[in-house]
Amino acid sequence: LIHFYKRDMLKPRALTSVLSQANTDGVQSTFLFKQDGTLLAYSSIDSECADPRVVAAISSKIWSVYDKNGRAHLNEDKLQFLLLDCDEGHVAIFPVHNTLLCLYGDTSLGFGMLKSKSEALSKFLEDPLSQIGVS
């Protein structure tokens, strides 16, 4: 068990190490960022990965659009997660205590596995992030 927080502070290296544990079985990159798109940490096995700050900004914008429109048009209270099928891979976005967790996998990665990995990691991160009050 890696502790990636201490009192009111995140430990960036430890948090990156936790995120990197999800980068197996087709998951290429894992990102954690604030709702406004501010990147907190990321891990990628692909050295040619796009700028993580851009990924965080775009992902947070997609999340906010779906969240806002879902509430307005579908009478839904809260968006639980997003699974996106893109040309070059699959993307999962999950909320984790006022932050967003994003996993990117190649096209061979099934949505079931992507969702399972995202859920497991978000559950692991939920309590520590709530204790340090990330907002």
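Okay, so H1 passes H3 in a right-handed crossing, that is, with the near helix turned clockwise from the far one by less than a right angle. The touching residues (heavy atoms within 4.5 Å) are Leu15, Val18 and Leu19 on H1, and Leu121, Phe124 and Leu125 on H3. By class that's 6 nonpolar, no polar and no charged residues.

Quick caveat: this is a predicted model, with local features needing pLDDT of at least 70 and side-chain atom pairs pLDDT 80 or more, while totals for chains, interfaces and linings use all residues. Numbering runs from 1 along each chain, and side-chain values use heavy atoms, without hydrogens and water.

Back to the helices, which are DSSP runs of H or I, at least four residues, with strands being E, at least two. H1 is 12-20, H3 is 111-132, and they pack at about 155° with axes 11 Å apart. They're therefore roughly antiparallel, the label for angles over 145 degrees.

Now, the largest pocket holds about 440 Å³ of space. A pocket here is an open set of points on a 1 Å grid, 1.4 Å probe, with protein on both sides within 12 Å along at least five of seven lines; lining residues have an atom within 4 Å of a point. There are 19 lining residues, with Phe31, Ala50, Val55, Val91 and Tyr104 nearest the centre. H2 gives the most, 4 residues.

Methods: Axes are lines fitted to C-alpha atoms, for helices over the stretch in contact, and angles run from 0 to 180 degrees between N-to-C directions. Angles under 35 degrees count as roughly parallel, over 145 as roughly antiparallel, 65 to 115 as roughly perpendicular and the rest as oblique. Ala, Val, Leu, Ile, Met, Phe, Trp, Tyr, Cys and Pro count as nonpolar, Asp, Glu, Lys and Arg as charged, and the others, Gly among them, as polar. Grid points are joined across faces, edges and corners, and a volume is the space filled by probe spheres set on the points.
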